[in-house]
Amino acid sequence: MIKKIIVAVLVSTISVSGFAANHLIFSCTNNQGKKVEVREIGQNIQYSFGRQETPELVFKNSKTQVAKQTKENPPLNYHEQWIVLKNGEYTYMPRTYIGNPDKNSKIATEAGVLVNRNDKEISSIICDKRKKDLYVNFDEDLSGY
């Protein structure tokens, strides 16, 4: 009987850890049809960019290397959230922004990736809102953030 309980606990632990081992954090497609995807895979965070079949760039950071940041200004109705991933001298910051309503009362939203080289912005990837495939889960409970 005890052996059955131990086996059941081990199987459920393996199932839960296997589920958590590949966790989508951020995903969207730009207007050229290239996908940005950030995943938690085991103890790493993986960044990929490009066509689904043949990404142009794939790299990993350990979870302890990834920084999560938030900037808010409630009186101005402003909220921005991003994570920081490093690849050599380059920094990639998948981010979301929600800001003040415009004159038509439409709330400003934006998502994408800022790309820096030696702390200077050199490029950005803007998620195409028409694709409607934006996924963001900068989960507070992910260890290492």
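**Strand pairing and a disulfide in a predicted chain**

The chain holds 1 helix and 10 strands. The model is predicted. Read from the N terminus, the order of elements is α-β-β-β-β-β-β-β-β-β-β. The chain has 145 residues, and 30% of them count as buried. Among contacts with a separation of 6 or more, 34% join residues 24 or more positions apart.

An open sheet is built from 5 strands. Their order is β4-β3-β2-β1-β10, with antiparallel pairing. Strands of a sheet pair through backbone hydrogen bonds, either parallel or antiparallel. The edges are formed by β4 (55-62) and β10, each of which pairs on one side only.

The pairings within this sheet can be followed from β4 towards β10. Strand β3 (residues 44-50) runs antiparallel to β4, and 7 bridges join the two. Here Q46 stands opposite K60 of β4. Strand β2 (residues 35-41) pairs with β1, also in the antiparallel sense, over 7 bridges. In this pairing L24 has R39 of β2 as its bridge partner. β1 and β2 form a hairpin, with 5 residues between the two strands. The turn includes G33, which has a positive phi of about 80°. S27 has Y135 of β10 as its bridge partner.

Strand β1 also takes part in a covalent link. The chain has 1 disulfide. It is formed by C28 and C127, whose sulfur atoms lie 2.0 Å apart. The link joins distant parts of the chain, as the two cysteines are 99 residues apart. C28 belongs to strand β1 (residues 22-29). C127 lies in the loop between β9 (120-126) and β10 (135-136). A disulfide is a covalent bond between the sulfur atoms of two cysteines. The angle about the S-S bond is -65°, and the link of C28 and C127 is left-handed.

Are the two cysteines buried or exposed? The cut-off for a buried residue is a relative accessible area under 20%. C28 has a relative accessible area of 1%, so C28 is buried. C127 is at 9% relative accessibility and therefore also counts as buried.

How values were computed: Residues numbered from 1 in each chain as written. Predicted model: local features only at pLDDT ≥ 70, side-chain atom pairs only at ≥ 80, totals over all residues. Heavy atoms only, no water. Helix = DSSP H or I, 4+ residues; strand = E, 2+ residues; numbered from the N terminus. Buried < 20%, exposed > 50% of the residue type's maximum accessible area, 1.4 Å probe, protein only. Contact = heavy atoms within 4.5 Å. Disulfide = S-S within 2.5 Å. Pairing = 2+ DSSP bridges.
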